[in-house]
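Here's a quick tour for anyone meeting this structure for the first time. Take a look at it, then read on.

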Amino acid sequence: MIQFDKFILDNGLRVIVHKDKSTPIVAVNILYDVGARYEDPERTGFAHLFEHLMFGGSKNIPKYDEPLENAGGENNAFTNNDITNYYLTIPKQNIELAFWLESDRMNDLAFSEKSLEVQRNVVIEEFKQSYLNQPYGDVWLLLRPLAFKVHPYRWSTIGKEISHIENATMKDVKAFYEKFYNPDNAIMTIAGDVETGDIKALAEKWFGPIQPGKVKIDRTLPKEPVQTEARSLTVERDVPFDSIYKAYHMCSRKDKDYYTSDLISDILSNGDSSRLYTKLVKERQLFSEINAFISGDFDEGLFIFTGKLIKGVSVEEGENALNREIDRLMDSIVEDDELSKVKNKIESTLEYSEMSVLNKAMNLSFSEMLGDANLINTEIDKYNAVTKEDVLRVANEIFRKENCSTLYYLSKKNGGN
């Protein structure tokens, strides 16, 4: 059980404090309720661009990294379609420095044409290197708009296209910052050998004076209609192996069936004894690698299969074999031992993630964003409550043929296998 305290500043900043006396390191995590799903469809990639801009200096701190590194700290950040998360670790005696750094860039980021140009070029280069010039790099740029037609999950965090970042103006960027980077749109979690009273005093001192956001954020997003017919797209690329990507619509991260869906993905592909690896990689040698995983999105997301075929194996043969394994899950009740095994693995993973103060800070913030920080303590129970009947029911709800979008990603060199 992870104990924590929680309080809210007058400006709306939610603060969570977890005391862990086992380490001299303190973790500070700030989670902003902004991801790619809140972007203008004609100005995508802004949440990710901001992840970079937030390290470009603020009013009183020209170089964010310099004072932190001098104090023995480390930091990083990530963005996805739902959230933007900034985190750092620092020795306990230097914790006030973390409050200074984070409050200054929340309050007054230093916008300059030079900073925007530098970070814009960094993101454009990342787009080219990781998505356009990387083998299989554009898969999500193709699969997302195939599966989603209405919801903003139809574009990736990097954005729909490079031109959206190339054309980003200072006015656009400032408007995005003023709308989303505010105390009432953030959750700050402190984990380490700290006292709640001390953290409250620091939070009031450094974050208390920051004004809440002036722009009302419209959280109503277009709901993706139920998919009523199977979709497919075939592309040829300069890659070594033919691949298959299948995406099925599934429930949201906040739905009780999320836990069943997650267990189904583990039954199919978590480890060398999983069904897909055993049957399609080891025994039949159709795929060199195959995976099943869930996107875990806040809104209704995707259950995804990815597989690289062995040379000489046709796409049809590989897909038929994969479909047979999916059908097997839909046609028969899973064995007790198999369900227990994946539950035990998840329990071990969750317990392991609670060993570091940084993971605990992140998980507490994330749980609070989902609706209740105490979710961190009840997730194992939710997994353990899943029954064999739940697995059968949810598998049949998800893996309907008409609910699937398939990307056939073929090797151009050989014209396919």
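Let's start with Met330, which is buried, with a relative accessible area of 15% (buried means under 20% relative accessible area, exposed over 50%, and partly exposed in between, using a 1.4 Å probe and protein chains only). A word on the ground rules: this is a predicted model, where local features need pLDDT of at least 70 and side-chain atom pairs count only at pLDDT 80 or more, while totals for chains, interfaces and linings use all residues. Residues are numbered from 1 along each chain as its sequence is written, and side-chain values use heavy atoms, with hydrogens and water left out.

**Around Met330**

- Met330 sits in helix α11, which covers residues 315-331 (helices are DSSP runs of H or I with at least four residues, strands are runs of E with at least two, and both are numbered from the N terminus).
- Leaving aside residues up to four places away in sequence, Met330 touches Leu392, Ala395, Asn396 and Phe399 (contact means heavy atoms within 4.5 Å).
- Met330 and Leu392 are 62 residues apart along the chain, yet 5.8 Å separates their C-alpha atoms.

**The nonpolar cores**

- The largest nonpolar core has 70 residues, and the ones touching the most other members are Ile264, Leu268, Phe303, Phe305, Phe399 and Tyr409 (a nonpolar core is a set of buried Ala, Val, Leu, Ile, Met, Phe, Trp, Tyr and Cys residues joined through side-chain atoms within 4.5 Å).
- There's also a second, separate core of 57 residues, with Val28, Phe46, Leu116 and Val173 among them.

**The six-stranded sheet**

- Six strands form an open sheet with mixed pairing, in the order β1-β2-β6-β3-β5-β4 (two strands pair if DSSP finds at least two bridges between them).
- At the edges are β1 (5-8) and β4 (74-79), each of which pairs on one side only.
- From one strand to the next, the twist averages 15° (axes are lines fitted to C-alpha atoms, for helices over the stretch in contact, and angles run from 0 to 180 degrees between N-to-C directions).
- Strands β3 (residues 25-32) and β6 (residues 186-192) pair in the antiparallel sense, over six bridges.

**Helices to look for**

- Helix α1 (residues 46-53) packs on the sheet and touches β4 and β5 (84-91), with its direction at about 170° to that of β4.
- Helix α13 lies across β1, β2 (14-19), β3, β4, β5 and β6, and runs at about 25° to β3.
- Ser367 belongs to α13, which spans residues 357-370, and counts as buried at 6% relative accessibility.
- Setting aside residues up to four places away in sequence, Ser367 touches Asp372, Ala373, Leu375 and Ile376.
- Helix α5 (residues 139-147) is mostly covered, as seven of its nine residues are buried.
- Those buried α5 residues are Val139, Leu141, Leu142, Leu143, Arg144, Leu146 and Ala147.
- They pack against α4 (113-132), β7 (231-237), β8 (243-249), β10 (302-309) and β11 (404-411).

**The cysteines**

- How many disulfides are there? The count comes to zero (a disulfide is a pair of cysteine sulfur atoms within 2.5 Å).
- Cys251 is in no disulfide, and the nearest cysteine sulfur, that of Cys404, is 17 Å away.
- Cys251 is buried, at 18% relative accessible area, and Cys404 is buried too, at 5%.
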